[in-house]
Amino acid sequence: MQLEEREKLEQDIQGLCRKGDLAAAVERALEGYGQEIMRLMASVLHDYERSRDAFSLFSENLLRGLPGFRWESSFRTWAYRLARNACYQVMHAPAGREQPMTRSDLPEEAQRPRSETRPWQRTSVKERFRALRESLDPQERMLLLLRVDQRLSWEEVARVMSEGEEALTDSTLKRKAAALRQQFQRIKTHLRSLAQEEGLIAEEDSSTHV
């Protein structure tokens, strides 16, 4: 979505809220942001049914929480925070708790013995690095998706990744954004090590495809 389209979408949603037509605002929001949020959930949860459950929960929370939304951030940023919370709620539900992923937890395609060709050895470079990203735990994947794929600013990422009803003052946001930047750099370093181990980049290569 282009910047102009996103700005128009934000204006449409806010305008409907000001008129008190919350149902139409939610419908417009899901029409505009639904697909990208569903893709985010699928990437984090690695399970179609749980992604659908999370999206359903997200939609319910969107309608329930919209009257209290104070517009201190963009609607998109707030929606991503709801989406993150819905993902974690589904992950930690009694019927399907997700633990940080290990190699044995990866999809079947990524569990080939070393003697077999791995997905990132037989696909394009971009897909090979994406396969490595999928080996990260959900929290790390969420951070990369928000910053790299969705291109949220660090302040927006900090808002999305904030816990519960944490007070988000300017100083709090700056501290959290700084901590997330440090975590982001650690993830990049980890991915670089994995890529070197798998022979995707030379050891002297200072760049990481994330």
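1. The phi angle of Arg151 is near 60°, a positive value in a residue other than glycine. Before going further, please keep in mind that this is a predicted model, in which local features need pLDDT of at least 70, side-chain atom pairs count only at pLDDT 80 or more, and totals for chains, interfaces and linings use all residues. Residues are numbered from 1 along each chain as its sequence is written, and side-chain values use heavy atoms, with hydrogens and water left out.

2. His46 is also worth a look. Its phi is near 60°, again a positive value in a residue other than glycine. His46 belongs to the loop between α2 and α3, and with a relative accessible area of 30% it is partly exposed.

3. Now for the overall picture. The protein chain has nine helices and zero strands, where helices (H or I, at least four residues) and strands (E, at least two) are DSSP runs numbered from the N terminus. Along the sequence the pattern reads α-α-α-α-α-α-α-α-α. Of the 210 residues in the protein chain, 41% count as buried. The accessible surface of the chain comes to about 12,000 Å², with 46% of that belonging to carbon and sulfur atoms; areas come from the Shrake-Rupley method with a 1.4 Å probe, and for residues only the protein chains shown count as cover. Among contacts between residues at least 6 apart in sequence, 60% join residues at least 24 apart, a contact being heavy atoms within 4.5 Å.

4. Which residues of α8 are buried? They are Trp154, Val157, Ala158, Arg159, Val160 and Met161. That makes six of the eight residues of this helix (residues 154–161), so α8 is largely enclosed by the rest of the structure. The packing partners of these buried residues are α4 (75–91), α7 (138–149) and α9 (170–197).

5. The meeting of α8 with α9 can be described in more detail. Two packed helices are described by the angle between their axes and the distance between the axes. For α8 and α9, the axes come within 8 Å and cross at roughly 95°; axes are lines fitted to C-alpha atoms, for helices over the stretch in contact, and angles run from 0 to 180 degrees between N-to-C directions. The two helices are therefore roughly perpendicular to each other (under 35 degrees counts as roughly parallel, over 145 as roughly antiparallel, 65 to 115 as roughly perpendicular, and the rest as oblique). On the α8 side the residues involved are Trp154, Glu155, Val157, Ala158, Arg159 and Met161, and they meet Leu173, Lys176, Ala177, Leu180, Arg181 and Phe184 in α9.

6. Leaving aside residues up to four places away in sequence, Glu140 touches Gln183 and Ile187. The C-alpha atoms of Glu140 and Phe184 are separated by 8.1 Å, although the two residues are 44 apart along the chain. At 21% relative accessibility, Glu140 counts as partly exposed.

7. On to the aromatic residues. A search of the whole structure finds eight aromatic pairs; rings of Phe, Tyr and Trp (its six-membered ring) pair if their centres lie within 6.5 Å, and planes under 30 degrees apart count as stacked, over 60 as edge-to-face and the rest as tilted. The rings of Tyr33 and Phe75 have centres 6.3 Å apart and planes at 15°, so this pair is stacked. Tyr33 lies in helix α2 (residues 22–45) and Phe75 in helix α4, so the pair ties together parts 42 residues apart in sequence. Both Tyr33 and Phe75 are buried. One aromatic cluster is formed by Tyr33, Phe69, Trp71, Phe75 and Trp78.

8. Finally, the cysteines. How many disulfides does a search of the whole structure find? The search finds zero, with a disulfide taken as a pair of cysteine sulfur atoms within 2.5 Å. Cys17 is buried, with a relative accessible area of 16%, and Cys87 is buried at 0%.

Key:
Buried < 20%, exposed > 50% of the residue type's maximum accessible area, 1.4 Å probe, protein only.
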